[in-house]
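Colleague: I would like a close look at one part of this model. Please keep it brisk and spell out the cut-offs.

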Amino acid sequence: SGLAVPPSGLDEAYRYVLALDGERLEKSLWRALVLYGARPFLSQVAGRLMQRIGEGWVGGDITPAQEHLASEVSERILARLVDRVRPREAPSLIVSTLPGEKHGLGARLASAAATLDGWSVVYLGTDLPVEELATAAVRLAADGVAISVVRPVDAMASASALADLRQALDPRVLLFV
């Protein structure tokens with residue numbers, strides 16, 4: 001476990017996003033990860049920061065540049081976290097997004113959470129065709145496939161792609177959305 005993250009830590013990170021200060025944002029996030037531990041960092045810092053940025057986006061307080069900076073810095077930290085705690089003997093999980101989904105931070109958060117829960121994660125990035133996901137699952141003998149859907153622009157297309165993926169996967173392979 002870890003300590004509860006005070007709101008001031010989240011406020012500090014958000015201020016660095018607004019200032020487009022990637023260096024200080026990265027240092028602030030690393031400090032929170034080390035101080036509070038991986039699980040509290042994922043839920044109380046990275047997850048809440050992204051939620052706050054999303055709310056700022058909707059409210060017109062966050063620009064595309066600020067959102068991209070926050071996503072890039074957060075994804076770098078999450079990728080390094082997954083690499084550092086990757087279990088050796090563990091069920092394997094492929095993580096990606098559906099075709100058309102270019103936002104990878106949700107998939108990175110899912111990768112980190114799954115790693116902490118004992119999965120060996122292979123992150124394949126964003127915007128991957130269903131056939132590629134299914135082929136990768138076979139080649140890697142994956143036990144599961146996790147798909148991040150940040151904001152389905154076309155809910156019917158997302159549902160159809162998920163149905164196609166489920167059908168293309170071996171029935172024993174778990175599908176997480």
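Which residues in α6 meet which residues in α7?

Modeller: First, the ground rules. This is a predicted model, numbered from 1 along each chain as its sequence is written; local features need pLDDT of at least 70, side-chain atom pairs count only at pLDDT 80 or more, and totals for chains, interfaces and linings use all residues. Side-chain values use heavy atoms, with hydrogens and water left out.

Now the contact. Val130, Leu133 and Ala134 in α6 meet Ala161, Asp164, Leu165 and Ala168 in α7. Contact means heavy atoms within 4.5 Å. By class, this contact has six nonpolar residues, no polar ones and one charged. Nonpolar covers Ala, Val, Leu, Ile, Met, Phe, Trp, Tyr, Cys and Pro; charged covers Asp, Glu, Lys and Arg; the others, Gly among them, are polar.

Next, the geometry. Helix α6 spans residues 130–139 and helix α7 spans residues 155–168. Helices are DSSP runs (H or I, at least four residues) and strands likewise (E, at least two), numbered from the N terminus. The α6 and α7 axes lie 9 Å apart, at an angle of about 30°. That makes α6 roughly parallel to α7 (angles under 35 degrees count as such). Axes are lines fitted to C-alpha atoms, for helices over the stretch in contact, and angles run from 0 to 180 degrees between N-to-C directions. The crossing of α6 and α7 is right-handed, meaning the near helix is turned clockwise from the far one by less than a right angle.

Asp127 counts as partly exposed, because its relative accessibility is 28%. The cut-offs are under 20% relative accessible area for buried and over 50% for exposed, with partly exposed in between (1.4 Å probe, protein chains only). With a relative accessible area of 45%, Ala141 is partly exposed.

Finally, the cores. A nonpolar core is a set of buried Ala, Val, Leu, Ile, Met, Phe, Trp, Tyr and Cys residues joined through side-chain atoms within 4.5 Å. The largest has 29 residues; Leu25, Leu29, Phe41, Leu49, Ile53 and Leu78 touch the most other members. Helix α3 gives the most to this core, with eight residues. A second, separate core of 15 residues includes Leu133, Ala136, Ala137 and Val173. Leu133 is also one of the α6 residues that meet α7.

Key:
Angles under 35 degrees count as roughly parallel, over 145 as roughly antiparallel, 65 to 115 as roughly perpendicular and the rest as oblique.
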